[in-house]
Structure formats: structure tokens, C-alpha cells
Amino acid sequence: MTKLKEVTIIEAKPAVDDYESDTAKAPGESTPLLLSTQTASARSELFQSFRRQRSSARLLSLRVSSGGAAADGNFAEPVEALAPLCRSGIEPYLGRKFVPYRDASLVKSVPAFAPYRRKERHRNFHLYWTNEFRHWWKSSRLLVRLGGLYVYSFDSTAAPAVLLLDPEKRKSIKKLVKFAKMLGQGGDEMRIFLKTVKPFTRTMRIIVGGWRWVEAAPCRRGEVGLEEFMAFVGNRVSRLVARTFTDVTAADVIFPFQRFLFQKDFLSYPMDFHPITVCVCIGIFRAVSPFAASFQGSRVGRVLARHFFASAKNRWLPVQSIGELNLLSDDCQERDEVSQTADLVIIARMVAKALGLVQVDDKARQHEALMDEGFVQVGAGAGGYAVYQYRYQSRSFALGSTTILLHVTPYGPSITDVMPYYTVLEYETSFDRRDRWSEFVSKSIMEGPPVVEGYCYQGAFFSPHHFAELKDMYDKQLLTYEAACKKLPIVSRNTRHGGPPRDLPTLKKFLESGKRGRKLKQNIREYNQLQKVVTSVAKEILLTLKKEKRDRKDEGTYAPKGVILYFEGLDCSGKSSTGGLVQAALERSGYQVVLRQYNRPPTAEQRARPWMDRFEVPSDTSLLDLTSSPSDGKHDDDDVRIGLVWDRGPAGDFVYGNLNELPLETKAKRYQEFRDFDRQCREQGILFLKLLFVTNRDSIARTLGKRLAQKKMAKDLQTWLQACSSRSGSDVVSFEGLEAIAAHIDPTDFIAFNNYERNLRIFSNFALNTDTEANPWVVVNTGDRYAARKALMQAFRKHLEDFRRRGKHCSPCCAKEVPEHSDAVEIDDMMKFKFRMSWRHSMLAWIAFMGLLLLAFLYAENTDWDDSWYRTPTKYNINELLNNTVEDDDTIVVAQKTGKTSKNDVETVDKNVAPDAVVAQKKGKTTKNDVETNDDSKENENATNRAGKKM
């Protein structure tokens, strides 16, 4: 923005003109003016803001307080805002110190760039349609190839030669393969055309790949660059493999088998069958297969590159042990995010908390809420823009007390009727580097970057990438809901259960009808595969129960007589939906599963007892009503097994309670109590499955967006159901299910998002201190829900197998003794340890690396590097063409461009006779040296010979 020139400070009342009127409009804004007083009575009168003028030389009349200094001394002098206007600085006056000149802090009321998802590929409109044009061009090339195939199959020179081949001879196979290959290439003319446009096709692919690399997030450009390069290589290799496979199959399988059928007289030639039909089919497959394989080849190249980076950087697996969990990986420490312990990030969370009160309470005022946190409003502008000042004691000794500016602007549209805020925090002497927000900036002399931008919503501070994930998922869910509502009449006509949904399960099923066909098919396919796995695990448990009963073993020998499913982890990490698959497997196998929630602090009575006593176990008969009734067909002696689901548990007391603040010795006793409880469960034949759910912040932001959208839908469905109940007074509509949907998200979820790093480390520290070799923790990474659910079912199956194997060694002498550690590890000591790469990561990294090398080798081995990228047009010598051209009434003989003619280079063409009138034959075979002539030219030649003999 244009900076204002130096002005003279006038201690007088401002002149009233159109510039200072409330109705005046300005094209933009510039440096905000600090308030000269903090009294509420004079606030509306003295509240001003600088606005950019067409002529920056216009002098501004400013009122400057005669007092000057702030009452409490914690904030900068109001006159410091005028420092950018005076090149020589502001002289001391009435005890006020000299104020030196500084650069202006520009107004930041809009983001430097729109928030976008970190892994978004086509965030540019032009890039998206360029990629669509590239796919259209690929499809057009396939159609051109198929059109040339159709024309070439009726060619007057090639088709008759194939018709005259003897299919029983071995030499005919090579000619048939060559003909089929030429058909797959589109014939002579189309093959030349496609070879001519090949540079354009590859150029489009390189442009799209390079564009994706440029628009990728700064922390992912290395990965995106390798992915796009390997996608290009995989595309070329897959097309080569498809062509080679077709040619080899035709030459070694199809045509030899056809020759065998002709020799054994299973096929009669040419009345019942002719090889040209097989050639056309092979040609069509040879034209289509490279086109189809190119998409899969690009996918293989990208997947190999992603697996290589994920394994080489020791990122989280779908399921792993607590010792393999890397707390310094890109999953929880994004390279383009500011450190969560940076000064400005800590202040940003404080700002989000204050603005959250304004968003929830309509009576709260923004400046009052921020004033309670120590911010003083010093300026404002159009569109709800406001700027605040904050005096901060930096942790860096060299900086000392620092002035921080806070820019706040409403950022629409609203989300569930709550308006987000776009905020920028900066040091007053910093430069605007929002468009260069990288790791280099965060390594400055200050604790973190000098400028931090983000979005505040309901008490949580979101970075641009995280806010984009939330907003994108929120919009997608609402679009799906709108599409489902449009299809409701069709769904109601085809199904028995019509009408609006009334709870979360029916809402999810209702939204399935609004998804696009491809996404819907993918969801159905994944759901069916997961249900197959769940059914398989349930059948294994049933077989184990039958075997235990058949062998007359004690209860809990092969199959556990009780199961505890302990779901612990981060908020919005998919504990209920992902862990619910294990619960479903138990229910299908005959276990009666009960849910217990321990998300509240213990009562005074529970604190008086031992810590683990308040957590129930399946052996307590008071959990379920086991009395049989005549209607259910069960007897009192039936084998009833109980499963318990702990939603939260002992680890929650450390994260959400005050146990983490206890001394290390006290925490070590708590860890030992938990390990003793685990050991007692094993001795009593109870399977204690400990699941720790973790995920990245992008996934949590998406879950928050989905739940906010569901809350919006629930509000709309209440209006919908109320309209349905207005038909008559007798209709009774229950909103209990919809209220449960609205309560599925609360302010604690946003508070947990702000404390993501802290909560993750406390959860991991608890799991590390309570992990045992006999019953290890299972860490589930729900960043990819489908992969996590499949891996979780496999881990549950492995725990059942370990329990069954342990049950066979019921004798004390055969039981394996597992030593348990008793030394507690603090969080700081845990973070100092080097997180080593597991053997699975190393193996996957080497496999992916070898796959990348193989693709690169195949591409380099089958690429003609001497061939020019762009082919220049052929240059002809006009004089030589004219001198070597013979014209007569019947024929035109054209020499080659070299000017030399030979018997093999001359083509005689009759102008008046159709080209397919005569086909040269020599004993039923055609050669390259055969010359095509018509009947008239033969008669002329014979007449000339007879005349020569007479002479």
C-alpha cells in the first residue's frame, strides 16, 4: 500500500469535512491511528482510522492528547502511531521521550491468499480446467486411433494381402501380428498424425505437473515434485507394458492357437472363420489397453512416491505400537505450521478464547472481551476491521518488552450462524510476510515468526490450512444434504421408509443418497469389505467358543469370558465409529456389550477409594440383567459373556484432570495400579484391549466441519418435523435424536483442538508408561479411516490369537513370565529420546524405493533419447522437384526429395481408374517391389513393344 508522506503534528481540533464524515467512502485503508484516550465517553468522538487517499500529500488534522502517556504504563504511547509519518522522529514534549521513525504497519483486513487445504491438488480454476482439457485430449487421441483402425481394416493394399495369407504357415504369424499392430496404431495416416501431435500431448502433461508443483503447499513441494515426475514415468511405462503384453500374447498365444485349430481342422478356412477378425479384435485391444493402463500407471507412480516419503520420514502407520509412535513426524508437527509454543501462537489462542465469548454471547462486545485479556483498541476501519495493541514481555532477553498489534476482521460467510474472525498478530516493527510464511521465518531471532495469521471460531485458533479443511468439509456436507433432500421423493417412492431423518444413524443413511455416484460406490464398497472382516472375526470367536465347550475347558481358556474395550485418545479422532467395528464383532459372536463413559471427574466418594476401583469390569453381575424370560428361549445356565466399552478412562484423568501435575513418584504409583489391573484381567480370563486413537489436525478440523454441518442439518430438520406435526394436533414428534446430533459437538472440542499437542503428548506418555509386553497398547491412526479400520480388525484378531495361545499354557510352569518396568518417564524425557524407525517403516521404504528405481529404469531403457522432442517440418527443394517430375496424359511420376529415382521408388497412379481396380499378384503373394499398373497402361506398353519388333 502507498505510505503517507510526512505530516506536521497539529494540536488542534480536526476540521469537519467530507473526509471525516460517517458517510464518506474510501477505496482502501492504511496505517491505523492510535487512540489518544481510553475513556468510554470520548471513544466514539475520538475513534478514527487513516484511509488511503487519491493524493497522499493531503495533510491530516489529528487530535493528540495533551496527557500523552497511558495511565497504567503497560502500553505504548499513543503518539507512537504517528512515528511512520515523521521522518525525523517526534521530539520530546512534556516529559514524553523521543519517538524515533519506523515503517508503517499496513492494515491486514483480508488474507494475503484464500485458505486452501494442504493436500489440495487443483485449487486454481484454470489448472482444473487445463487438466480436464488434457483428459479430453487423451480421449480424442483414442477416438482418432480407433477411427484410423476402422479405415485401415478396409485398406485396398493391406487387407487383401492379409486375406491371401496361408494361416497354417508359421511365417504368416509374424505378418498377422504386424497387421494387428498397425491396426492398433490407427493405420499409416493416423499413426503419422498421432506421432506428430505427441510433443503437444507430453507438453500438456508437463505443464499440468509443473503447475501442481507450483501451487502445492511449501512443505510438500518436494513430495509433489517427485509424485508428478513418477506419475509421468509410470504413465509411459504402463503404456509400454500394455503394448508389449498385447504383442507378446498375440504372437505367442492367440495366433499359434489359431494355427493349431486350422491344422487340426477344427476351423475351416476361409468359409467359417478368417484371421482378419482376430487381427481387428487385437488391434482394438492394443489401442484401448494403453489408454486404460496410463491412469493406473500414474497412480502406481504416485502411490510409490507417497509410501516412500511416509516410510522414510517415519510417519504414522494405520496401526502400530506405542514405542513406534513418532511424536516429531509430519503428522503432528507440520513443517509449514508455526510452532505451538511460539509467542504469537500462544497469544493467538488467548485472542481466540476471548473472541469465542463474543461469538457465543450476543451481549458481549468485542473490545470489552479483548480488553479483559490486556488488549487496547487503537484503530478501526471499514467492514468491521479493528486493530488492538498489546504490550508483551518476550521470552527473548534481547527483545524485552515488545508491542504487538492485533488485526481482527469478520470473515464470512457464517458457520452454523456463527461468524468466524480473520486475525493477524504481528510485532509493531515487523514486515508483512504473510505470503512467505515458511519454516525460514520461524527461525528468526524471536520465538516464532514476526507475523502470524489465522482464523478464530468458537474459542479455537485455526491456521489457514486447518480452517480450509473445516470449511471445505462443512460445505461438502451441506451440499450432500441439499442433494439428498432433492432426491427424497424418489427415495420415498422406492423404499418403505420415507420422510426426514430423526437421529444420527438415519441422517447418515439419508446423506448417502445425496452423494455422487462415484463417491457412493466407493463408500458402499468399503462398507461391504469392512462388514466381511467383522463377520469373519465374529465367526472365529464363535468357533472358539464351540471348541472350548466341546473340549470341556474352563470358561475363558480359549475365548475370553469378558472383554474390556478401552477407547482413549484425542477428541474428534473417530473413537466411536472406528472402535465400533470391534464392538459389532463381539455382539455378533454372542457377547452382550455395555457402554460406560468416564468423561467426568471422579466424585468425592470415588476419590476416597483406590484410583482404579471406579472402573468396572465384566465380572460384575450387576452390569446386566441376566435373568432369563420364557419368551427369549434362554435358560439360566446359558453361557452369557459380557463386553464393556470404556469411553475414556484412566488416561483421561491425566489429560483432562490434574493427575499430570502430580510429582513423578505419585504418577508412578498410578501407572503401577493400571498395570496391576491389566495383569488381574489376564489372570481372570478377561481380554483388556487398550486402544489409543490419534490423528493429525487436518483430520480433526474435517471432523469438526462435519459435526458443525450435522448440527446445522439438525436445526433444519427440527423445522421440517415441526411443519409435519402441524397437520393435526394428534401428531407427536420427538426431537430427542436431533438434539443428540446438536450435542455431538460442544465448546470442549474446540478447546481440545487448541491443546492438540499437549493432549497428544500426555496420552502418549501415559500409554508408554503403562505399556506391557504381555498386553501392549494398540495405537490407531485415523487419518485414513478406512485403512485404520481394516488394520484395527487385524490387530483385534491378533489379540484374540494371543489370548487363545496363552490359554493353552494354563499350567504355571508353562506360562511365559514377562518382566514389567516400574520406572516412570516424564514427557520432557520422552521427547528427548530419538524416535527410531521401526522395521516395518524400513521395509516399506526400501520396497517403495526399489519400485521407483524399477519404473525409472524401464522408462530410461525404452526411451529413444536421440529422438528430437519437437520435429521440424520437412524441407523440400522446389527446383529439384520440378526437374525430376515427368508429366503426361496418363501418369505422374514423382521422384524422391533426393532427386534420384529407382525402380522401387516410382509409383504409377492412374488418374481415371479407381485405386482398388487392380492388385498386383505374383503367385498369390505381394512384395514391396511390385508396381501397380492399370489395364490401359499395359495395353499401351504391349503396343509399343510390338511396334519396336516390326522396326
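## A tour from paired rings to the cores

Select F200: at 38% relative accessibility, this residue counts as partly exposed. Keep in mind that the model is predicted.

**Stop 1: an aromatic pair.** The structure holds 43 aromatic pairs. In the pair of F133 and F200, the ring centres lie 6.5 Å apart and the planes meet at 80°, so the arrangement is edge-to-face. Now colour by helix. F133 belongs to helix 2 (residues 125-152) and F200 to helix 5 (residues 187-215), so the pair links distant parts of the chain, 67 residues apart.

**Stop 2: charges over rings.** Select K138 and F295. K138 lies over the face of F295, at 4.1 Å from the ring centre. Next, take R221 and W213. The charged end of R221 sits over the ring of W213, 5.8 Å from the ring's centre.

**Stop 3: F262.** Move to helix 6 (residues 221-263), which contains F262. Is F262 buried or exposed? F262 is buried, with a relative accessible area of 1%. Show what surrounds this side chain. Beyond its neighbours within four places in sequence, F262 contacts P167, E168, L267, S268, Y269, F273 and P275.

**Stop 4: strand 11.** Select residues 686-694. Nine of the nine residues in this strand are buried, so strand 11 is largely enclosed by the rest of the structure. In a regular strand, side chains alternate between the two faces of the sheet. Here I686, F688, K690, L692 and V694 are buried on one side, and L687, L689, L691 and F693 on the other. Now show the partners. Strand 8 (residues 562-569) runs parallel to strand 11, joined by eight bridges. I564 has F688 as its bridge partner. Strand 12 (residues 778-781) is also parallel to strand 11, with four bridges. There, V780 stands opposite F693.

**Stop 5: an aromatic cluster.** One aromatic cluster includes F688, Y566, W611, W646 and W777.

**Stop 6: the cores.** Which residues touch the most other members of the largest nonpolar core? They are F462, W646 and L704, in a core of 75 residues. Helix 19 (residues 697-725) gives the most to this core, with nine residues. Centre on L704. Leaving aside neighbours within four places in sequence, L704 contacts F462, L470, C572, I745, D749, F750 and F753. Finish at a second, separate core of 31 residues, whose members include V563, A585, V780 and L792.

Conventions: Residues numbered from 1 in each chain as written. Predicted model: local features only at pLDDT ≥ 70, side-chain atom pairs only at ≥ 80, totals over all residues. Heavy atoms only, no water. Core = buried A, V, L, I, M, F, W, Y, C linked by side-chain atoms within 4.5 Å. Buried < 20%, exposed > 50% of the residue type's maximum accessible area, 1.4 Å probe, protein only. Helix = DSSP H or I, 4+ residues; strand = E, 2+ residues; numbered from the N terminus. Contact = heavy atoms within 4.5 Å. Pairing = 2+ DSSP bridges. Phe/Tyr/Trp six-rings, centres within 6.5 Å; stacked < 30°, edge-to-face > 60°. Lys NZ or Arg CZ within 6 Å of the ring centre and 35° of its normal.
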